[in-house]
Amino acid sequence: MENLLTSEEMRYFDAETIRSGTSELELIKRASRSAKIEIDKMCLGKNAKILIVCGSGNNGADGYSLAEDLNGEYCVDVFSVSEPKSEGAKYYFSRLNKTYNLQDFASYDLIVDAMLGTGFKGEVTGKYEEVINKINNSGAKVMAMDIASGLNADNGIAKTAVKADLTVSFGALKLGHFLASGKDYSGKVVSYDVGIKTKSNRLLFTESDLLGYFPPKKQNIHKYVNGKVCIIGGSKNYVGAPLLALQAEVSLRCGAGLSTLVVPDSMNDAVKERILEQTLCVMPDIDGEMAYDEKELENAIHKAKAVVFGNGIGLGEDIKKILKHLLNKNINLLIDADGITVLSQNLDLLKDKKAHVILTPHAMEFSRLTGKGVGEIESNPVYYSESFAKKYGVVVALKGASSIVTDGENTRIIGHGRSSISKAGVGDTLAGIIGALLIRLDCFDAGVVGNGLLASCSSRLEEKYGVYSVIASDISKELPNVIKNYIG
């Protein structure tokens, strides 16, 4: 796992490195040489035409230094959007000993973006906006130095930004590479160690990090050794019997020995036709929603090591009573969907809880929990996730282009998921995956690994079916292929 930093954190570590004796000019040169390594890997050929577009600050300095590194090996042109202003930009600009004749942007094989860097915030306007549009319309391959110009390095928000095929990040990865629109503008992201020592409790979780979470199983075991997960949801107004059944199915696929689906009596007929290996428990209901019956609820969750609660369950008063009962049990409890909405209206329930809780909201559900607007959350999703998790002693797994999982102290960003799974039912499926993992992992690890598995499934399924055609039930079929690669 690699560190993920904000722009401010990166500036701090950069300054610390300079104070320790490494000059700023040396760090710029290390960055440009790292970018050259990636350009050489492209095998463009000696006659390839490369345009380096530079800004006025140290991102521009990286570009000017790169021009020096590339001269003699490629046909290089440099375009200064603004006059060099930082000391680094002035220095490396002064070392360029040739005159550049900028041609039409479309005539280049590669355009290198070295304009705005990680310190940029807000919206691009004026000349920079004009140049960015020219780059994006050029048809050339595009490489961004450190971050695509116009992209916010902290939250991945952008209105106008360079659309890079490759981003070469220096020192450490930035949060904005993976959040919000970051993945759309960054392309493939690679990070180079340029001698800046960094540390962070925020780390990027990749597919290879799944290693170690699926140990071999003994032969002499039975289903209760593998563990029981209990999935509680549904109401007559929620036409989601297939999704509830799918939740229970993926829990079995992820290693649960027994997956019990608990629904109100009004859903019995709809659900029982859709389950095979799962077991079914029917609860009494009131007007189509599950009724609170302590004895029946205890029977349903008996021997369960993990409980998933909330999908399509409704918002009635008895749902609150069921949630309160579960929070007072010493179990691993995942709360999703309607369960989150009920909880948002009764946050005091978390004060004296005995359960170990993981919440799996999307931005709108998290808005209800925090009282913050969706836009405000998206402007700083990591901060709000960490703050809520720490305040209430829960794990938050905020779903998005990249999922954020945090316990308030440690944070993981799962960035390898694909947009092919932006479909109805995938959130329900994720809850089933994490539910099974909660049998043997704590809430934090289960949230991280569950999102990691889903992301890995998404990339494989996108290769099979394309970005448009993946559906939630495909995930259940792909999970075994992903998990078997990491057993042992």
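The largest nonpolar core here has 55 residues, and Leu453, Ile475 and Leu479 have the most contacts inside it. A nonpolar core is a set of buried Ala, Val, Leu, Ile, Met, Phe, Trp, Tyr and Cys residues joined through side-chain atoms within 4.5 Å. Buried means under 20% relative accessible area, exposed over 50%, and partly exposed in between, with a 1.4 Å probe and protein chains only.

Now the source. This is a predicted model, where local features need pLDDT of at least 70 and side-chain atom pairs count only at pLDDT 80 or more, while totals for chains, interfaces and linings use all residues. Residues are numbered from 1 along each chain as its sequence is written, and side-chain values use heavy atoms, with hydrogens and water left out.

Helices (H or I, at least four residues) and strands (E, at least two) are DSSP runs, numbered from the N terminus.

Next, helix α13, residues 363-370. Its buried residues are Ala363, Glu365, Phe366, Ser367 and Leu369. The cover over them includes α12 (338-344), α14 (374-379) and α15 (381-392). After α13 comes Gly371, with a positive phi near 80 degrees.

On to aromatic rings. The structure holds 8 aromatic pairs. Rings of Phe, Tyr and Trp (its six-membered ring) pair if their centres lie within 6.5 Å; planes under 30 degrees apart count as stacked, over 60 as edge-to-face, and the rest as tilted. Tyr12 and Phe13 are edge-to-face, at 5.3 Å centre to centre and 70 degrees between the planes. Is Phe13 buried or exposed? Phe13 counts as buried because its relative accessibility is 10%, whereas Tyr12, at 47%, counts as partly exposed. Phe205 and Tyr213 form a tilted pair, at 6.5 Å and 55 degrees, and both are buried.

Definitions and conventions: Contact means heavy atoms within 4.5 Å.
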